[in-house]
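Visitor: I have a model open and would like to learn how to read it. Where do we start?

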Amino acid sequence: MERLKNMSLSRAFFLLALCGLLAALGLALLLWTGYEAAISQYPLGGVSIGIDGTFTALPQPTPEQLRLIQALYAAALLGFVVFPVTGLGAAGAVFYHWKLKKPLRLLLEGTRRIQAHDLDFTLPDVSGDELGKICAAFENMRHELLKTNQELWRQAEERKRLNAAFAHDLRNPITVLKGTVKLLRQDPASPQALDRLEQYTLRIEQYVGAMSSVQRLEQLPINPSGVSCAALGHELEETARLLAPALDLAVSGPDAGTVRIDRGIFMIVAENLIGNGARFAQTKLEITLALEGSMLRLSVADDGPGFPPSLLKNGPKPFERQEEQAEHFGMGLYTSGLLCRKHRGGLRLSNRESGGAVASASLKTNPEP
């Protein structure tokens, strides 16, 4: 049976047809033998010639016996036609059942499921013949289609995350620009406001250019440059005042030293953490900048309700609501963690025993490209 299963279609059909014809011939010969045995029981008529030349008439069959003999003769002759045809038909039926039925059914069912955009199935191994190879090729095609669909879905989801991150990360600089514009209206000649306006405009231009050329967030390039810790601390304080004007702010950091980082990526992470902390803080926001070996660490602590246990356990996910009615989908924390890892660092989330959440981002200074 297994040899027949793996045999080619032509050889299998030839073997089954030959077996059917041989079986039919055997049955026909058996029928003819039975016919001869049956008619030997009846008189056939004629004459018998003796040794001395005398003729003796043999008994003649009755009309009923003659009709029966003729019927048996016709049946014996018909067996040599009917049995081969039946044998070939039986061979064809066995050939279809053993070699064609299952692969054709699998191919038809697989085609229907693919037409219904359902690729979540598997075609089993059928046989080693031509139809089995066709089924194997069909399974390979299904697998490749599934991989292609999954890749297209992944790219669509990545583009969705990229667009959401792009929109989210522009929100904080735009908020800073709006605050700067208000300051300029109060004091049009303020050099600090003009410098901040120019700096953020240039940063938004560079960020838009970078995001328009990448397909994934991980492809965002790192362009490190030297910047003093005092300048970063001052920028953090100014940004916090614009993003959280109603909160009691405490900003601390080193007054001396220079680090080599991507300032744009650092400020995107800082704005996300400060904006997230300002959204959930009650009255106070603490921002700490520290240089620990080759890592620059930024911590933002608030006195709000703290991070939910699911977020601490599973980490931030894109588009994940932390509150039922909150307009916060986790993109800030998600992109911050991604950008920190891109900068050879990381993001750690925790809750303080006294209450409130702490988001700590670390970026490696002088990162390799």
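Guide: We start with one residue, and keep in mind that this is a predicted model. Ala246 counts as exposed, because its relative accessibility is 73% and the cut-off for exposed is over 50%.

Visitor: Where is Ala246 placed?

Guide: Ala246 sits in the loop between α6 and β4. The C-alpha atom of Ala246 is separated by 9.1 Å from that of Lys284, and these two residues are 38 residues apart along the chain.

Visitor: Is Ser190 buried or exposed?

Guide: Ser190 counts as buried, because its relative accessibility is 14% and buried means under 20%. Ser190 has its place in the loop between α4 (130-186) and α5 (191-212). Between the C-alpha atoms of Ser190 and Thr180, ten residues apart along the chain, the separation is 9.9 Å.

Visitor: Next, the sheet. What is the order of its strands?

Guide: The order is β4-β6-β7-β9-β8, in an open sheet of five strands with mixed pairing. At the edges are β4 (248-252) and β8 (346-351), each of which pairs on one side only. On average, neighbouring strands of this sheet are turned by 15 degrees against each other, direction ignored.

Visitor: How many bridges join β7 to β9?

Guide: Seven bridges join β7 (residues 295-302) to β9 (residues 357-364), and the two strands run antiparallel. One example is Val300, whose bridge partner in β9 is Ala359.

Visitor: How many bridges join β8 to β9?

Guide: There are six, and β8 and β9 also run antiparallel.

Visitor: Which residues have a positive phi although they are not glycines?

Guide: Arg344 is one of them, with a phi of about 65 degrees. Arg344 lies in the loop between α9 and β8, and is partly exposed, with a relative accessible area of 42%. Asn366 is another, with a positive phi of about 50 degrees. The place of Asn366 is the segment after β9, and its relative accessible area of 48% makes it partly exposed.

Visitor: Which strands does helix α6 touch?

Guide: Helix α6 (residues 229-243) packs on the sheet and touches β4, β6 (284-292) and β7. The direction of α6 makes about 165 degrees with that of β6. Another helix, α9 (residues 331-342), lies across β8 and β9 and runs at about 135 degrees to β8.

Visitor: How do I describe two helices that pack on each other?

Guide: Two packed helices are described by the angle between their axes and the distance between the axes. Here, take helix α2 (residues 9-39) and helix α3 (residues 63-115): their axes come within 8 Å and cross at roughly 160 degrees.

Visitor: What does that angle say about α2 and α3?

Guide: Angles over 145 degrees count as roughly antiparallel, and α2 and α3 are therefore roughly antiparallel to each other. The crossing of α2 and α3 is right-handed.

Visitor: Which classes of residue make up the contact of α2 with α3?

Guide: The contact of α2 with α3 has 29 nonpolar residues, three polar and one charged.

Conventions. Residues numbered from 1 in each chain as written. Predicted model: local features only at pLDDT ≥ 70, side-chain atom pairs only at ≥ 80, totals over all residues. Heavy atoms only, no water. Pairing = 2+ DSSP bridges. Helix = DSSP H or I, 4+ residues; strand = E, 2+ residues; numbered from the N terminus. Axes fitted to C-alpha atoms, helices over the stretch in contact; angles between N-to-C directions. Contact = heavy atoms within 4.5 Å. Parallel < 35°, antiparallel > 145°, perpendicular 65-115°, else oblique. Left-handed = near helix turned anticlockwise from the far one by under 90°. Nonpolar A, V, L, I, M, F, W, Y, C, P; charged D, E, K, R; others polar. Buried < 20%, exposed > 50% of the residue type's maximum accessible area, 1.4 Å probe, protein only.
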